[in-house]
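Here are my notes on the model you asked about. Keep the 3D view open and click along as you read.

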Amino acid sequence: MSRNVIRSIRKGSVQWNEEDRLKVATLLLKAGYSVRIRRIATDTGSKPTSRGKTEYVIEYWEEKEIC
């Protein structure tokens, strides 16, 4: 089972909001894919006081039918 990933890093004014992610997930579901939306905290960087970025990931894959 191969999983495909769509990534969206929250930074600046060009970012996907929750509604955008849900719309993409809905389209993938309608196309017959299994979908999972996850939030991942990325590396905090070199400074201990620096805040890490949050990355939103949409994973989608096709389930294999067992006959």
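**Notes on the model**

1. Let's start with a charged pair. Glu59 and Arg38 make a salt bridge, with their closest N and O atoms 3.8 Å apart. Glu59 sits in strand β3 and Arg38 in strand β2, so this pair ties together parts that are 21 residues apart in sequence. A salt bridge here is a side-chain nitrogen of Lys or Arg within 4 Å of a carboxyl oxygen of Asp or Glu. The general idea is simple: side chains of opposite charge can pair when their charged atoms come close.

2. Before going on, know what you're looking at. This is a predicted model, where local features need pLDDT of at least 70 and side-chain atom pairs count only at pLDDT 80 or more, while totals for chains, interfaces and linings use all residues. Residues are numbered from 1 along each chain as its sequence is written, and side-chain values use heavy atoms, with hydrogens and water left out.

3. The chain averages 82, and 76% of the residues score at least 70. Confidence is highest in α1, at a mean of 93, and lowest in strand β1 (residues 4-9), at 80. Where pLDDT is low, the predicted coordinates should not be read in detail.

4. Now the overall layout. The chain has one helix and three strands, and from the N terminus on they run β-α-β-β. These elements are DSSP runs numbered from the N terminus: helices are H or I with at least four residues, strands are E with at least two. Among contacts (heavy atoms within 4.5 Å) between residues at least 6 apart in sequence, 56% join residues at least 24 apart.

5. The structure holds five salt bridges.

6. Is Glu59 buried or exposed? Glu59 is buried, with a relative accessible area of 8%. The cut-offs are under 20% relative accessible area for buried, over 50% for exposed and partly exposed in between, using a 1.4 Å probe and protein chains only. Buried residues make up 18% of the 67 residues in the chain.

7. Next, look along the helix. α1 has 13 residues and reaches 18 Å from its first C-alpha to its last, close to the 18 Å expected at 1.5 Å a residue; the expected span is 1.5 Å times one less than the number of residues. Arg21, Ala25 and Leu28 are buried in α1. They cover an arc of only 60 degrees around the axis, which puts them on the same side of α1; that arc is taken from the directions from the helix axis to the C-beta atoms. The face turned away from the buried side carries the exposed residues Leu27 and Lys30.

8. Arg21 deserves a click of its own. Arg21 belongs to helix α1 (residues 18-30). Which residues does Arg21 touch, not counting residues up to four places away in sequence? They are Trp16, Ile37, Tyr56 and Ile58. Arg21 is buried yet has no salt bridge, and the nearest side chain of opposite charge, Glu18, is 5.5 Å away. For charges, Lys and Arg count as positive and Asp and Glu as negative, while His and the chain ends are not counted.

9. Lys23 forms a salt bridge with Glu19, with the closest N and O atoms 3.3 Å apart. Lys23 and Glu19 are four residues apart in helix α1, which means they are separated by about one helical turn. Lys23 counts as partly exposed at 48% relative accessibility, and Glu19 is partly exposed at 49%.

Key
pLDDT = per-residue confidence, 0-100.
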